[in-house]
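Hello,

Here is the structure you are taking over. Please look through it first, then read the notes below.

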Amino acid sequence: MARTTDTVSVSGHRLRLTHPDKVLYPSTGTTKADVIAYYQQIAPHLLPHIAGRIVTRKRWVEGVGTAASPGDVFFEKNLPESAPSWIRRVEITHRSHVNRYPVFEGPADLAWAGQVGALELHVPQWRVDAQGAPQNPDRLVLDLDPGPGAGLPECVEVAKRAKALLRDLELDAYPVTSGSKGIHLYSALDGTHDSDYINAFAKQVALALESELPELVVSSMKKSSRTGKVLVDWSQNNGNKTTIAPYSLRGTIEPHVAVPRTWRELNDPDLRHLTIDEVVARMKRRKDPMAALARPAPGADRLETYRAKRDAAKTPEPDGTPSSDPAGNTFVIQEHHASSLHWDFRLEHDGVLVSWALPKGVPTSTNANHLAVQTEDHPLAYATFEGTIPAGEYGGGEVTIWDSGTYELEKWKAREIIATLTGTKAGGLGGRRKYALIHTDKNQWLIHRMKLT
């Protein structure tokens, strides 16, 4: 990389880099160039977790220093005027002021963060929509913070109990070693409740853990009561607060990272926080354990994969224009005579048709489950599509509508969707049917017909 100053191209954007050889982590000799390289390598995993979220940065312009002489650090909320024009800006009105935050959408944004010494990226549990309006939180976080005399082993014990408690509430928990001291636990939410509600709910979870494990858990931030215990910090669900983003660096003496982990890893007696180099090597050979929570932001281009698979000049299918209306409740089931006969089951959600391929069609009995393989999201216009996709093109074959109509949503979570469909075609569903889609592994689901209540 450049010796003092250089202008480089990152994902099509021009970025001026200064002093890339500046050492930001003296204990390991990690330079600004190393930090920027890390954020470029980890971008495919990090960006989906911060998509649509305003980013508060914690900056060490001259580096983190040493244990004996820590470097100067400051939080930055507003995006400075000097920031590149291609970084998305969102204005958020607080009680007494307005802040203009960045929303990072690509590798170039992360490179700029590294250039200005923004080592830590902090985000809220809510996103903004395409117009920049804050939405209800789509995830819950519990920060397990060990007090004096406690450490990761105690956090693991609390995390396991919290996992069981959240499971009883139909929430899956995903652990992240924070890179600082403790563990963060995340759960996906369906966005039906505001931050005040979720913050109060998280507090009740913390109180329940404190009641079950009084010798190990504390829910109050009072320092005098934290020795040898783990604080279950529920307050980061407050709409005005933020949490270190998964895969963000930390401004610790060594370049630690907030890393999503598997529950199996938490059983390792040698569990520890991971460093920048370890995380890069780790993610070359494995998938993100927290990928189920890395959903596209509202307004994001969820149809990119759909368009990439098709040549608009060769197929009569809709062109993949995004919808501006995310609130519909259309469903369609299409009979698809492709290389093998299957049925495409599609539910409108967040402005697209979320889609599954059913090799055996929808179950007609409540006693049998059928395989449902999730495919790419489709445009809403696909709900009325019938025609022949040319041979040799993706999905080549005849497509007809087996049934279509509207649905009533009972549950939409990362691992389970329940909806009652009302069909309109004779020979299709035959009226109203209730189905549950249950996620089992990667893109594989089961679809189960439920009894109408």
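Leaving out neighbours up to four places away in sequence, V279 is in contact with Y38, I42, Y247, V257, V259 and L274. Please keep in mind that this is a predicted model.

V279 also belongs to the largest nonpolar core, which has 41 residues. Y38, Y39, F104, L110, W112 and V279 are the members that touch the most others in this core. At least two core residues come from each of strand 2 (13-18), strand 3 (23-25), helix 1, helix 2 (107-115), strand 9 (118-123) and helix 6. Helix 1 gives the largest share, 9 residues. A separate core has 31 residues, including F331, V354, Y382 and Y407.

How do helix 1 and helix 6 pack? Helix 1 covers residues 32-50 and helix 6 covers residues 276-283; their axes are 10 Å apart, at an angle of about 35°. The crossing is left-handed. On the helix 1 side, the residues in contact are D34, Y38, Q41, I42 and H45, and they meet I276, V279, V280 and M283 of helix 6. Sorted by class, this contact has 6 nonpolar, 2 polar and 1 charged residues.

Is V280 buried or exposed? V280 lies in helix 6. V280 counts as buried because its relative accessible area is 14%, and the cut-off for buried is under 20%. Residues up to four places away in sequence aside, V280 touches Y38 and Q41. V280 is 260 residues from P20 in sequence, and their C-alpha atoms are 20 Å apart in space.

Regards

Key
Residues are numbered from 1 along each chain as its sequence is written. This is a predicted model: local features need pLDDT of at least 70, side-chain atom pairs count only at pLDDT 80 or more; totals for chains, interfaces and linings use all residues. Side-chain values use heavy atoms; hydrogens and water are left out. Axes are lines fitted to C-alpha atoms, for helices over the stretch in contact, and angles run from 0 to 180 degrees between N-to-C directions. Helices (H or I, at least four residues) and strands (E, at least two) are DSSP runs, numbered from the N terminus. A crossing is left-handed if the near helix is turned anticlockwise from the far one by less than a right angle, and right-handed if clockwise. Contact means heavy atoms within 4.5 Å. Ala, Val, Leu, Ile, Met, Phe, Trp, Tyr, Cys and Pro count as nonpolar, Asp, Glu, Lys and Arg as charged, and the others, Gly among them, as polar. Buried means under 20% relative accessible area, exposed over 50%, partly exposed in between (1.4 Å probe, protein chains only). A nonpolar core is a set of buried Ala, Val, Leu, Ile, Met, Phe, Trp, Tyr and Cys residues joined through side-chain atoms within 4.5 Å.
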